[in-house]
Amino acid sequence: MSVNGRPIELVLDARKLLVDVLREDLGLTGTHIGCEQGSCGACTVLVDGRPVRSCIMLGVQAEGCDVTTVEGITPEDGLNPMQQAFKDHHGLQCGFCTPGFLTTLAGVTPDAYPDEESVRELLSGNLCRCTGYEGILDAVLAAWGRDR
Amino acid sequence: MTSRPSHIGAHVARVEDDRLLSGGARFVADVSLPGMLDAAFYRSPLPHALIERVDTGEALQVPGVAGAFTADDMTDVSPFPDFHRTARPVSIFPLARGKVRYVGAPIAVVVAPDRYGAEDARDLVSVDLEPLDPVVSVDEALAAEAPLLYPEWPDNIVIRSAVTNPEAIAEFEGRMTVSGRYQVGRHAGVPMETRGVAAEYRDGRLTVWTSTQFPHIARTMLSYCLPLDETDIRVIAPDVGGGFGVKAEFYTEEVTIPWLAMRLGRPVRWIEDRREHLISACHARDLTLDLEVAVDGDGRFRAVRGMAIQDLGAAEMYPYGFSPAFAAVSHITGPYRIPHQSVGVIAVATNKTPCGAYRGFGIPEATFATERLMDKAADRLGIDRREIRRRNLIGRDDLPYRTSSGAIIDSGSHREAFEETVRLTSESLDRWRARLAGDPHLRLGSGVVSYIEGVTPSYYSTSGHWTSFDSCSVRMNPDGTAVVSVGVSTTGQGLESMLTSLAAEALGVGRHQVRVVMGDTDRTPYGLGSWGSRSTNVASGALREAADVVMEKATRIAAHLMEASPDDISVHDGRFGVRGTPGASVTWRDVATVANIRTTDLPEGVKPGMEATASYDPPGIEHHPDEYGRVNGCATYTNASHGAVVSVDVGTGKVRVLEYIVAHDCGTVINPQIVRGQVVGGIAQGIGGALLEKLHYDEWGNPMSTSLLDYHLPTATEIPNMVVRHFQSPAPAMPWGAKGAGEAGIIGPAPAIAAAIEEALSDLGVAEITRTPITAPHVLSLVTSSVSGGRQEDRGDHR
């Protein structure tokens with residue numbers, strides 16, 4: 001597979017979860033584990049460009065895939081526009097869920113979420129316990145050039 | 001010496017954000033050490049049982065397994081001390097000794113090179129349990145012949161505080177009384193990061209990384225339980241992924257994992273999974289307030305009496321799970337002039353996960369009861385629900401006001417915040433009525449409530465041991481940058497940013513020249529941590545005192561270098577000047593270089609070095625209640641009013657919060673964005689607790705909410721847009737006039753939403769809502785029973 005654009009070759013236990021491969025074998029600890037059941041979204045990464053819950057996908061299932069983590073969507077210097085919008089709009093507090101939101105957002109087309117209600121629906125796949133989602137919603141709408 | 005305000009009240013970016021946004025943060029699960037082992041616990045599958053036998057033999061056969069242990073192996077471990085003088089001792093031990101009292105209690109621990117292997121081996125541990133009859137509710141626990149959780153006690157009562165205040169009782173003679181039994185259901189903080197501990201024992205020193213809100217308290221507790229001196233223990237709280245009180249408990253795993261590291265001579269880690277979290281991290285609330293108020297004919301409340309009844313679960317939690325019940329009692333009167341109070345506490349052990357802290361800590365429970373009684377009294381007297389509050393709210397003329405709960409309210413905007421909320425809520429309801437008109441299934445309503453939140457509290461009633469102070473150390477480096485280290489630590493609130501701003505303010509340097517250090521007992525002075533909406537108050541008080549010492553010295557040095565009088569020195573943005581002499585200037589770098597390096601340039605009598613440590617104990621806090629349970633247990637009191645606008649679908653019972661209004665007053669607002677974030681985030685949790693979240697047990701004591709699929713956290717579709725108004729009534733005795741803001745948001749939603757639902761359904765004559773969560777089936781049952789059988793009492797499942 002390739003991870004954040006780098007080719008990776010690993011021999012894995014068949015049962016090892018993708019999230020553990022990323023965190024432990026590759027040291028990419030920006031991907032977090034919140035529930036191990038695919039319900040909270042903290043572990044979301046992009047697999048071939050689409051958001052996937054890496055806590056319920058096996059590492060071996062990613063064979064031949066392009067995997068992108070929060071480290072992979074972060075520019076070498078500074079932050080990408082969505083990250084900057086999260087910072088500007090207080091879209092995070094403890095930051096544990098944040099990488100999952102950012103990767104989810106990196107894997108969707110804004111046009112598919114034309115209004116606030118549909119953006120809320122999109123965000124409802126990721127749980128945040130700190131912000132009450134206000135800052136996150138503000139950040140997304142701002143980054144996508146929408147008025148609140 | 002003066003410095004111009006530049007950071008207070010300004011919108012400033014958070015210093016912690018870049019690392020959190022880029023995947024560069026370090027949480028406990030990210031701590032990795034050579035040779036590290038992973039631990040997995042065998043937890044009790046039964047709510048109440050005797051441990052007959054534990055056999056780890058088969059587990060030890062699994063290749064790679066480094067060990068499997070039970071309580072019998074922990075011969076060098078001491079139980080948690082029982083500090084509280086009037087509570088029955090529970091003698092918490094890291095692994096169960098002889099008996100288990102809840103599903104999830106740790107019985108054995110297995111250690112292997114990774115978590116997969118540890119869980120494989122853990123599943124091979126064989127445990128024989130002799131089941132005992134479970135006790136699942138307060139009523140069962142108090143019944144005659146009830147099974148005893150602690151056989152050495154005569155009953156299941158952990159603590160009882162009977163209060164009979166004759167002045168309060170006398171008020172009930174000849175007056176109308178209104179009573180109710182108000183129950184806030186069992187739910188919990190549920191941070192997105194679960195608990196976790198990693199430990200290394202090396203060169204005679206133990207280092208423990210733990211996801212905690214109080215690293216110094218954790219270190220002291222470790223020294224009580226393990227055969228180590230405190231100086232040989234270092235506790236590090238790295239980035240913490242949310243706390244909300246759940247991590248302001250000292251847990252048995254925080255002893256077990258370090259003990260394993262010492263025993264095995266290898267680093268050991270345990271990262272809690274979500275199922276473990278929902279059955280073994282502290283639960284909260286599950287508090288019933290059985291209250292009666294005496295009311296004058298014009299709606300003025302004269303007295304309140306009754307009991308706070310706490311279902312503690314198994315009681316094996318430190319600090320104590322019954323403390324929120326006492327906090328509730330000290331907030332019963334809220335922001336209202338209720339001259340007399342007589343409310344006691346009884347806390348009872350049951351076979352459920354032990355209760356502990358959750359944001360709000362008793363105040364949401366008290367506010368739910370008092371506000372529900374306000375609504376009930378208004379309805380009974382035919383007074384508008386807003387108007388009855390006007391007749392009872394304290395006003396500015398009343399301040400300072402000592403409530404009959406003992407709280408001394410020295411400042412606030414109780415009436416102004418209320419009127420603003422009433423106005424905005426009414427406008428919001430009108431807007432939503434226009435927008436949703438025409439849907440025959442939807443009924444709309446609104447509710448407005450008010451409360452006070454005691455902030456920066458005494459920890460004595462909670463811990464039986466610690467009190468209320470905290471510390472700060474300020475050190476200037478030779479280049480004029482500052483290291484500010486504090487005893488409080490962060491769980492994501494933005495404390496690093498707050499203290500960066502305040503230190504820049506106090507030292508006259510730029511924010512980029514300040515580095516805040518927290519969450520490491522080796523690098524910070526002693527402090528009690530972050531809980532109770534205290535951190536900004538206590539850390540800034542200590543910071544100000546330490547900075548004053550540093551600035552006094554820096555001013556003398558700067559004056560000497562510029563041949564001016566210290567009285568004429570000013571500082572701003574890293575530069576000292578002389579008032580009236582525009583050209584004169586030296587930088588902080590010049591001054592700190594003289595202090596630390598070129599000490600021959602120091603003025604006579606000034607010693608080298610440039611650092612100071614100060615502790616700060618907020619004034620006015622009482623640590624012991626009087627005979628009627630009254631105590632001013634907090635340094636100051638934030639106030640707020642909340643308004644909820646809801647729709648109720650009478651066909652399904654679904655409640656939707658359409659908009660939420662809050663007028664909030666936490667004194668001086670240091671960072672508006674962070675305060676708003678705290679308030680809004682708290683409200684979101686409050687909405688979750690009001691409508692969705694329940695840690696449910698079946699009648700045999702089995703936990704039914706063991707994943708995030710059956711414990712429902714609110715998502716972006718359940719949390720509405722919010723209107724937030726800030727009032728600023730500075731706290732006279734607090735540094736910078738600030739009051740805590742961390743817990744306020746969570747207090748209002750349950751009573752505001754309950755009132756709004758009742759208003760929405762008012763034409764149906766539904767029964768009073770007396771318990772949370774107010775789930776859709778619950779609301780539907782209110783609707784159907786009102787249509788079929790008229791007004792009925794709300795009989796819910798009281799488990």
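Q: Hi! Which residue in E24(B) is the bridge partner of Phe576(B)?
A: In E24(B), Phe576(B) has Val586(B) as its bridge partner. This is a predicted model, where local features need pLDDT of at least 70, side-chain atom pairs count only at pLDDT 80 or more, and totals for chains, interfaces and linings use all residues. Residues are numbered from 1 along each chain as its sequence is written, with chains lettered from A and ligands numbered from 1 in the order in which they are written.

Q: How many bridges join E23 to E24(B)?
A: Four, and the two strands run antiparallel. Helices (H or I, at least four residues) and strands (E, at least two) are DSSP runs, numbered from the N terminus.

Q: What sheet do they form?
A: An open sheet of three strands, ordered E22-E23-E24 in chain B, with antiparallel pairing; strands pair if DSSP finds at least two bridges between them. The edge strands, E22 (569-572) and E24 (581-587) of chain B, each pair on one side only.

Q: And how are neighbouring strands turned?
A: On average by 30 degrees against each other, direction ignored.

Q: Which helix packs on the sheet and touches E22, E23 and E24 of chain B?
A: Helix H15 (residues 535-561) of chain B, whose direction makes about 110 degrees with that of E22(B). Axes are lines fitted to C-alpha atoms, for helices over the stretch in contact, and angles run from 0 to 180 degrees between N-to-C directions. Helix H16 (residues 588-596) of chain B packs on the sheet too, touching E23 and E24 of chain B.

Q: New topic: is helix H6 of chain B mostly covered or mostly open?
A: Mostly covered: eight of the 11 residues in H6(B) (215-225) are buried, meaning 20 or more other C-beta atoms, placed from the backbone, within 10 Å of their own. Among them are His216(B), Met221(B) and Leu222(B).

Q: What covers them?
A: The cover includes strand E10 (205-210), strand E11 (233-236) and helix H7 (253-264) of chain B.

Q: How many residues does the contact take from chain A and from chain B?
A: It takes 42 from chain A and 40 from chain B, with contact meaning C-beta atoms, placed from the backbone, within 7 Å. Helices H2, H3 (81-88), H4 (98-106), H5 (116-123) and H6 (134-143) of chain A each supply at least two residues to the chain A side.

Q: Last one: how many residues of domain 1 of chain A are in contact with domain 2 of chain A?
A: There are 17, in contact with 12 residues of domain 2 of chain A. Strand E3(A) gives the largest share of the domain 1 side, three residues.

Note on methods: Two residues are in contact if their C-beta atoms, placed from the backbone, lie within 7 Å. A residue is buried if 20 or more other C-beta atoms lie within 10 Å of its own, exposed if 12 or fewer, and partly exposed in between; C-beta atoms are placed from the backbone.
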